[in-house]
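Subject: Structure handover and findings

Hello,

I am passing this structure on to you. Please open it first and then read the notes below.

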Protein chains: 2
Amino acid sequence: AERQREISVSEFFVKNRHLLGFDNPQKALLTAVRECVDNSLDACGDAGILPSLRIEIVQLAEDRFKIAVEDNGPGIVRAQIPKVFGKLLYGSKFHTMKQQRGQQGIGVSAAGMYGQLTTGKPVLISSRTSPQAPAHYFEVTVDTRKNQPLVLKDEKREWVKDHGTRVEIELQATYKKGRRSVDDYVEQTAIANPHAEITYHPPGGEVLHYARAVEALPEEPREIKPHPYGVELGMLMRMLQDTPAKQLGLALKHDFSRVTDKVVSEVVKAAGVTASTRPRDLSTPAIEKLHKALQAVKLMAPPTNCLSPIGEEAIRAGLQKRIQADWYEAVTRPPAVYRGNPFQVEVGLAYGGSLPGDELAEMYRLANRVPLQYQASACAITKAVLSVDWRGYGLQMSKGALPSGPLVLMVHIASVWVPFTSESKEAIAAYPEIVKELRLALMEVGRKLASHIRHRRKVTDEMKK
Amino acid sequence: AERQREISVSEFFVKNRHLLGFDNPQKALLTAVRECVDNSLDACGDAGILPSLRIEIVQLAEDRFKIAVEDNGPGIVRAQIPKVFGKLLYGSKFHTMKQQRGQQGIGVSAAGMYGQLTTGKPVLISSRTSPQAPAHYFEVTVDTRKNQPLVLKDEKREWVKDHGTRVEIELQATYKKGRRSVDDYVEQTAIANPHAEITYHPPGGEVLHYARAVEALPEEPREIKPHPYGVELGMLMRMLQDTPAKQLGLALKHDFSRVTDKVVSEVVKAAGVTASTRPRDLSTPAIEKLHKALQAVKLMAPPTNCLSPIGEEAIRAGLQKRIQADWYEAVTRPPAVYRGNPFQVEVGLAYGGSLPGDELAEMYRLANRVPLQYQASACAITKAVLSVDWRGYGLQMSKGALPSGPLVLMVHIASVWVPFTSESKEAIAAYPEIVKELRLALMEVGRKLASHIRHRRKVTDEMKK
Ligand SMILES: Nc1ncnc2c1ncn2[C@@H]1O[C@H](COP(=O)(O)OP(=O)(O)OP(=O)(O)O)[C@@H](O)[C@H]1O
Ligand SMILES: Nc1ncnc2c1ncn2[C@@H]1O[C@H](COP(=O)(O)OP(=O)(O)OP(=O)(O)O)[C@@H](O)[C@H]1O
Ligand SMILES: [Mg+2]
Ligand SMILES: [Mg+2]
């Protein structure tokens with residue numbers, strides 16, 4: 001008989017490093033930088049600090065680089081540093097239901113693990129939580145067999161910073177300019193985060209300084225409860241098992257968002273129970289009826305404060321800053337829900353000007369303010385754009401290809417949980433509710449484009465007379 | 001400061017069920033059946049038993065089904081049953097380096113977890129390891145918070161079977177006929193496994209019986225050591241740390257395949273050490289030189305006995321059985337290596353006959369004898385087929401589309417570890433070594449097709465005269 005045994009998360013992901021975005025050396029550089037930068041921006045946002053980031057990439061040999069990302073964030077509590085960097089599936093964002101760039105508890109440990117896998121070197125971390133506390137310096141590796149941290153160094157250090165974190169990783173990588181490059185990612189990140197100041201030292205190149213474009217932090221998303229729509233029966237069963245509430249009505253109001261007394265009375269009636277029934281006393285058939293009723297009852301849309309859309313004004317401004325077009329438009333849809341998770345779609349469009357008229361449209365995809373550079377064909381955004389008939393809005397379009405014309409599209413999905421097609425967070429899974437919202441946003445901006453094109457054509461025709 | 005905590009594998013995958021192949025109800029049915037059937041075929045192969053499988057799908061309500069898969073395999077040891085079905089990342093195949101359909105330790109626990117998530121019902125398991133032992137009946141769920149099994153029932157039962165396993169899962173699903181259906185999957189599985197007998201009870205339909213086409217088991221793949229090519233520096237460092245061998249030369253010969261004394265002397269010389277150096281005494285620079293030398297030294301191709309290709313004869317026979325064409329060809333490439341893992345590409349082609357001449361070619365993809373039904377655009381096989389210029393072989397082909405003509409392509413990759421694009425095992429990651437081998441196989445079969453088409457054209461022209 002075969003001998004079964006446990007497989008650790010880390011050894012699983014060593015074998016599957018392509019699932020984490022480390023398939024090849026060029027992508028590895030981008031993923032490692034992105035995971036560190038995402039963490040810095042999240043941490044600053046969470047602590048109410050205007051982010052100042054420093055990104056350094058140094059070439060050590062033909063295929064070996066050292067990256068460093070330093071922030072002015074809240075720092076990491078000393079006792080947590082080993083696990084944060086030396087253990088996969090460990091973090092503060094998975095269980096909090098609000099929009100953040102990170103969500104899995106994997107990112108930076110995976111980057112460090114890839115560095116260790118290809119160079120044998122540990123991750124170097126400096127962190128300080130306040131000017132009253134000393135700064136700490138750690139060298140950490142992942143014991144991949146057990147998914148536990150191995151601390152090679154742990155000492156106090158002098159640091160001029162009052163608070164913040166610096167992460168250094170040495171890894172096998174390739175640096176290429178142009179499309180999908182780290183340079184592109186840094187620039188798009190600066191645009192999607194106008195409140196951030198970024199100093200970027202590319203390998204062997206001049207320092208690029210992205211100044212803060214706005215002096216105010218965007219509204220920090222607030223943590224919420226799941227919305228009932230799309231929550232699975234098994235999730236409801238577990239919530240009713242785990243809830244501290246002694247009455248069903250209180251449990252529903254406490255564990256979900258948008259459940260009012262009116263909603264409670266409607267669904268308990270349909271389930272043949274009362275609002276004061278003990279959650280644990282519910283029979284499986286009663287929970288099934290309750291579940292069905294929750295899907296059918298009229299509920300307010302989820303609260304918007306768990307999401308932080310870029311906003312129509314900032315999208316237009318961001319496009320204007322970098323794209324030489326003569327018409328800019330943006331649409332931010334109201335929040336929607338998939339599987340109990342609020343999400344919000346935004347589309348920006350730049351048209352005309354010096355954009356080439358006979359090439360395929362350029363498309364930028366973002367999720368939770370993070371630019372996506374790879375796996376376009378697997379992405380829900382791409383599928384939605386391809387599914388819209390842009391010829392109805394005045395553009396050319398061949399079957400199965402992006403529309404062509406002097407056009408740049410920027411599509412952003414903000415969510416408390418973005419369903420990516422793999423742990424590398426490169427493309428968005430095509431859940432029907434998400435594709436539907438994407439299409440609505442794209443068609444809305446398409447109609448505005450159509451009327452602009454018609455208007456311009458009319459003006460041009462009149463000028464000819 | 002944010003509070004970090006551990007995330008269990010099971011709660012991670014509940015949130016990410018689309019990563020496991022349970023994105024929508026139609027796919028969920030297919031994935032659940034496939035995970036159970038894969039396990040049965042693997043277990044029978046491992047135990048040297050000619051597989052007899054029974055697959056039942058019963059519709060219980062509009063969107064609720066019960067699936068059952070029963071085999072005559074070796075059964076599962078009673079003490080292991082809870083963890084096999086109630087714990088993700090637990091199995092016998094991840095650490096064994098030979099070709100099997102399963103490789104992650106996730107499949108059937110994920111199917112059970114999805115059933116539990118959508119219906120609240122446990123997985124029902126009957127298993128027996130020999131006629132001398134009693135059969136056991138278990139009802140198991142996954143405690144998703146801790147990734148541990150919860151055993152709801154554990155009792156002896158009467159069973160007419162001498163040995164085998166029966167798995168029943170109730171789940172929210174949709175049953176559709178046609179492309180990507182469970183029916184298609186079962187039929188393609190019967191073809192790729194001519195030694196298996198499969199009795200299939202589709203929902204509300206007649207029983208289909210796929211008789212055994214060959215009376216002999218294919219050669220069972222044998223477990224091997226990794227091949228040095230493509231093994232990362234960090235992996236080598238860990239192997240030298242963990243090896244029981246007291247001398248470097250013995251460690252290399254023991255822990256890798258194809259390392260001879262000649263190879264050892266060549267690489268230790270390049271690393272500036274000797275074959276009798278203690279592995280743990282090696283400095284990091286020495287290991288780096290050793291690693292470099294291992295990549296450069298001339299090595300025999302990996303042993304073929306860890307792989308079980310379908311074979312050119314069986315591929316042609318399989319195609320002939322189901323496709324009405326008038327020309328059949330197959331190519332099985334010699335084994336190659338990516339990241340230390342041996343793999344082998346096979347291509348089958350059916351042409352002409354009653355295949356429609358003006359439609360896109362039909363393409364069947366398989367990995368380790370398992371038919372892949374989804375994510376074609378993300379798959380290395382599709383990318384390789386699209387990258388070949390089939391016009392050079394007498395077919396039509398528009399840019400970015402499959403070739404068109406009276407053509408069916410069947411592409412199989414066999415490997416000790418298939419790099420899938422996600423844990424759902426639906427598409428193959430496009431590692432350069434793999435795409436290269438795919439292209440070589442496709443072009444080889446393309447050249448044979450070209451000469452067949454030329455020959456036929458010549459014959460037709462001569463007949464006109
Ligand atoms: N620069 C930083 N400043 C403050 N806290 C940080 C920083 N980097 C990481 N952390 C903390 O460490 C945790 C783990 O980070 P990690 O990147 O591994 O996972 P994550 O960001 O939670 O999710 P994801 O895998 O999606 O990136 C974070 O949740 C956060 O609490
Ligand atoms: N029908 C069966 N007969 C015998 N052993 C089985 C059977 N089904 C499962 N097992 C055992 O249970 C283990 C776990 O199965 P599971 O499907 O979860 O993972 P896996 O097959 O190892 O990998 P994968 O996630 O790729 O399917 C298997 O490795 C095998 O040892
Ligand atoms: Mg992160
Ligand atoms: Mg399996």
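Predicted model: local features only at pLDDT ≥ 70, side-chain atom pairs only at ≥ 80, totals over all residues.

Ligand 1

Ligand 1 sits between chains A and B. Its surroundings consist of 24 residues, and the closest of these are S92(A), Q103(A), I106(A), G107(A) and K425(A). Sorted by class, this shell holds 6 nonpolar, 13 polar and 5 charged residues.

Several elements of chain A take part. Helix 2 (25–47), strand 4 (90–91) and helix 4 (107–119) of chain A each contribute at least two residues to the shell around ligand 1. The most comes from helix 2 of chain A, which gives 4 residues.

Some contacts can be named atom by atom. K425(A), one of the closest residues, has a side-chain N or O atom 2.6 Å from an oxygen atom of ligand 1. For E35(A), an N or O atom in the side chain is 3.4 Å from an oxygen atom of ligand 1. V108(A) takes part through its backbone instead: an N or O atom there lies 3.1 Å from an oxygen atom of ligand 1. On its own, ligand 1 has 590 Å² of accessible area, and the protein covers 99% of it.

Ligand 2

Where does ligand 2 lie? Ligand 2 is also placed between chains A and B. Around ligand 2 there are 24 residues, with S92(B), Q103(B), I106(B), G107(B) and K425(B) the closest. The shell is made up of 6 nonpolar, 13 polar and 5 charged residues.

On the side of chain B, helix 2 (25–47), strand 4 (90–91) and helix 4 (107–119) each provide at least two residues of the shell around ligand 2. Helix 2 of chain B supplies the most, with 4 residues.

In N39(B), a polar side-chain atom is 2.9 Å from an oxygen atom of ligand 2. Q104(B) uses a backbone N or O atom, which lies 3.0 Å from an oxygen atom of ligand 2. A polar backbone atom of V108(B) is 3.1 Å from an oxygen atom of ligand 2. The protein covers 99% of the 600 Å² of accessible area that ligand 2 has on its own.

A helix pair in chain B

The last item concerns helix packing. Two packed helices are described by the angle between their axes and the distance between the axes. In chain B, helix 7 (residues 248–255) packs with helix 8 (residues 261–271) at an angle of about 125°, and their axes are 10 Å apart. The crossing of helix 7 of chain B past helix 8 of chain B is right-handed.

Regards

Key
Residues numbered from 1 in each chain as written. Chains lettered and ligands numbered in written order. Heavy atoms only, no water. Near = heavy atom within 4 Å. Polar contact = N/O pair within 3.5 Å; in protein donor to acceptor, adjacent residues only side chain to side chain. Areas by Shrake-Rupley, 256 points an atom, 1.4 Å probe, with all protein chains shown as cover. Nonpolar A, V, L, I, M, F, W, Y, C, P; charged D, E, K, R; others polar. Axes fitted to C-alpha atoms, helices over the stretch in contact; angles between N-to-C directions. Left-handed = near helix turned anticlockwise from the far one by under 90°.
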